[in-house]
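Subject: Structure handover

Hello,

Here is the structure I said I would pass on. Please have it open while you read the notes below it.

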Amino acid sequence: AAYAFINCTLMAMYFCAADEEFRARLPAAAAAAANADAVAALLAAGAAPTAVDSNARAPLHRCAAAPGGAQCARLLLEASAPIAMRDRAEQSALHFCARSGDAETMKVLAAAGARRGCLDWLDRWGRTPLTWTVLRADAPGAAARDVAAALLERGASPTPVVLKVSVQNRRTTLPPEGPLALATRRFPPDGGLLGGLLRDAAARV
């Protein structure tokens, strides 16, 4: 009942608002709440899946950062939301999902990312989505492993090209390291479950 009320409110706001900028923000709000019904309704009403905020973040970024955002991601991608859209920090929805740690959403996004060839894109800090998965892992356990596995199964590299040290040092205090090196450093001596998964993937390359 609460969701139905929220959905009706969003649709009323969309059709009644005179401010186009305000209307453009509504899909992102629905996506951030992982509200697939509202996202579907707004898209059906003509809302643009590519509208971005002041940080160049689109609805796909928002649902990627939300727990349970897989269905919203499917809807947005089916509506031609580009998986390659990046925000001002050069992060795609894949980066956002890696940081949030939702494996089901990552499966959806990684499939689209593989088709576009952006699984190993670096953000402004020189990190790929897989690197962020390792960086945000609270422990080298199953949750982070499932997100990493979704990326690796679609072709993400466990040892991607990293930024030059001189460039990296201007952007972050962290060293330029890929997912495997980072997992080993964060979870010694071998990176735990993440380290094993990444080493197996590296051996198959």
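Predicted model: local features only at pLDDT ≥ 70, side-chain atom pairs only at ≥ 80, totals over all residues.

**The cavity**

The structure has one cavity of 30 Å³ or more. The volume of the largest cavity is about 80 Å³. Its lining is made up of 13 residues. Nearest the centre are Arg127, Thr131, Gln168, Pro175 and Glu177. Two elements give two or more residues to this lining: helix H8 (129–136) and helix H11 (179–186). By class, the lining residues of the largest cavity are seven nonpolar, three polar and three charged.

Thr131 is worth a look of its own. Thr131 is part of helix H8. Is Thr131 buried or exposed? Its relative accessibility is 4%, so Thr131 counts as buried, the cut-off for buried being under 20%. Which residues does Thr131 contact, once neighbours within four places in sequence are set aside? They are Glu177, Gly178, Pro179 and Leu182.

The largest pocket holds about 170 Å³ of space. It is lined by 12 residues. Gly101, Arg136, Ala137, Asp138 and Ala144 are the closest to its centre. The elements that give the lining two or more residues are helix H6 (93–100), H8 and helix H9 (142–153). The lining of the largest pocket divides into six nonpolar, three polar and three charged residues.

**The aromatic residues**

How many aromatic pairs does a search of the whole structure find? One. The partners are Trp125 and Trp132. Their geometry is edge-to-face, with 6.4 Å centre to centre and 85 degrees between the planes. Trp125 counts as partly exposed because its relative accessibility is 24%. Trp132 has 6% relative accessibility and therefore counts as buried.

Next, Arg99. The charged end of Arg99 sits over the ring of Trp132, 5.2 Å from the ring centre. Arg99 also lies over the face of Phe96, at 5.2 Å from the centre of that ring. Trp132 thus takes part in the aromatic pair with Trp125 and has the charged end of Arg99 over its ring.

Best wishes

Methods: Residues numbered from 1 in each chain as written. Heavy atoms only, no water. 1 Å grid on protein atoms, 1.4 Å probe; cavity = no way out; pocket = protein on both sides within 12 Å on 5 of 7 lines; lining within 4 Å. Points joined across faces, edges and corners; volume = space filled by probe spheres on them. Helix = DSSP H or I, 4+ residues; strand = E, 2+ residues; numbered from the N terminus. Nonpolar A, V, L, I, M, F, W, Y, C, P; charged D, E, K, R; others polar. Phe/Tyr/Trp six-rings, centres within 6.5 Å; stacked < 30°, edge-to-face > 60°. Buried < 20%, exposed > 50% of the residue type's maximum accessible area, 1.4 Å probe, protein only. Lys NZ or Arg CZ within 6 Å of the ring centre and 35° of its normal. Contact = heavy atoms within 4.5 Å.
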